Amino acid sequence: ELEDVVTYSGLIPGYTYTIKGELYDVATGESIGVTGETEFVADARSGQQSVTFTVNTQTLSGKTIVAFEDLCSGVVIVASHKDLSDLGQTVYVPKLGTTLTDSTTGTHSAILGSGITLNDVVSYDNLEVGKTYTVKGELYDVSTGNPIGVTAETEFTAESTSGNVTVEFKIDTTIFRGFTVVAFEEVYDGSTLIAAHADLSDTFQTVYIPDFQT
């Protein structure tokens, strides 16, 4: 859910108003088909109200979206705010691309050992410059779809809208002989989940652990 806090002034106390909002793609200037509205009775001439948009951000990967609003009294629009360049009304939906490899081999084939590092290079796009984010990752068994109990996370500050950050998984591969593992990732802005990548069939995110004994 996205919450749009609307500040108003010049209303008549005791009157009922409706704020109608709609989300637009900044790049194209077109509506993405997501709307929200809030009806309220003005307690004073000035105040604030929130409009909530329910949206699946996974379908908007890499897009920058902005909210437009109409303030209505009955069927009459008494005020509007529609500005594609309004940064205060803008939300950036990140796009993720990832590659998991063994740090020693540099490939998707791991070596057996108790202190192995798997490097997950997360490529991001459409983050907000200067903000601090956290990438959290977890390894899954491809054959069962279940986590294997290996996690890692990295905090970073976006120096540009696009870039790379590496998440390092420490793993004893001797425990997981013969496993094929894949990394899932989530990106957080504070405590808010803003992007995720979870695909058991993603070959770029896959590492093969050999089953070799002598």
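**Exercise 1. Locate T161 and state how exposed T161 is.**

Step 1. T161 lies in the loop between β11 and β12. Strands here are DSSP E runs of at least two residues, numbered from the N terminus. Residues are numbered from 1 along each chain as its sequence is written. The model is predicted: local features need pLDDT of at least 70, side-chain atom pairs count only at pLDDT 80 or more, totals for chains, interfaces and linings use all residues, and side-chain values use heavy atoms, with hydrogens and water left out.

Step 2. Apply the cut-offs: buried is under 20% relative accessible area, exposed is over 50%, and partly exposed is in between (1.4 Å probe, protein chains only). T161 has 41% relative accessibility, so T161 is partly exposed.

Step 3. List the contacts, meaning heavy atoms within 4.5 Å. Leaving out residues up to four places away in sequence, T161 touches Y124, D125, N126, L127 and V129. N126 is 35 residues from T161 along the chain, yet their C-alpha atoms are separated by 5.0 Å.

**Exercise 2. Find the strands that pair with β10.**

Step 1. Two strands pair if DSSP finds at least two bridges between them. β10 and β11 run antiparallel and are joined by eight bridges. T132 stands opposite T157 in β11.

Step 2. Look at the turn. β10 and β11 form a hairpin with five residues between them. G145, in that turn, has a positive phi of about 80°.

Step 3. Turn to β13. Eight bridges join β13 to β10, again antiparallel. V135 has V187 in β13 as its bridge partner.

Step 4. Check the cover. Seven of the 10 residues of β10 are buried, and the strand is mostly covered.

**Exercise 3. Describe the largest nonpolar core.**

Step 1. Such a core is a set of buried Ala, Val, Leu, Ile, Met, Phe, Trp, Tyr and Cys residues joined through side-chain atoms within 4.5 Å. The largest has 28 residues. L118, L139, F156, F169 and I171 have the most contacts inside it.

Step 2. Trace the core to its strands. Elements giving two or more residues include β8 (95-102), β10 (132-141) and β12 (163-171).

Step 3. Take F169. Among its contacts beyond four places in sequence are L100, L118, L139, V150 and A183.

Step 4. Look for another core. A second, separate one has 18 residues, including Y8, Y17, L23 and V55.

Technical notes: Helices (H or I, at least four residues) and strands (E, at least two) are DSSP runs, numbered from the N terminus.
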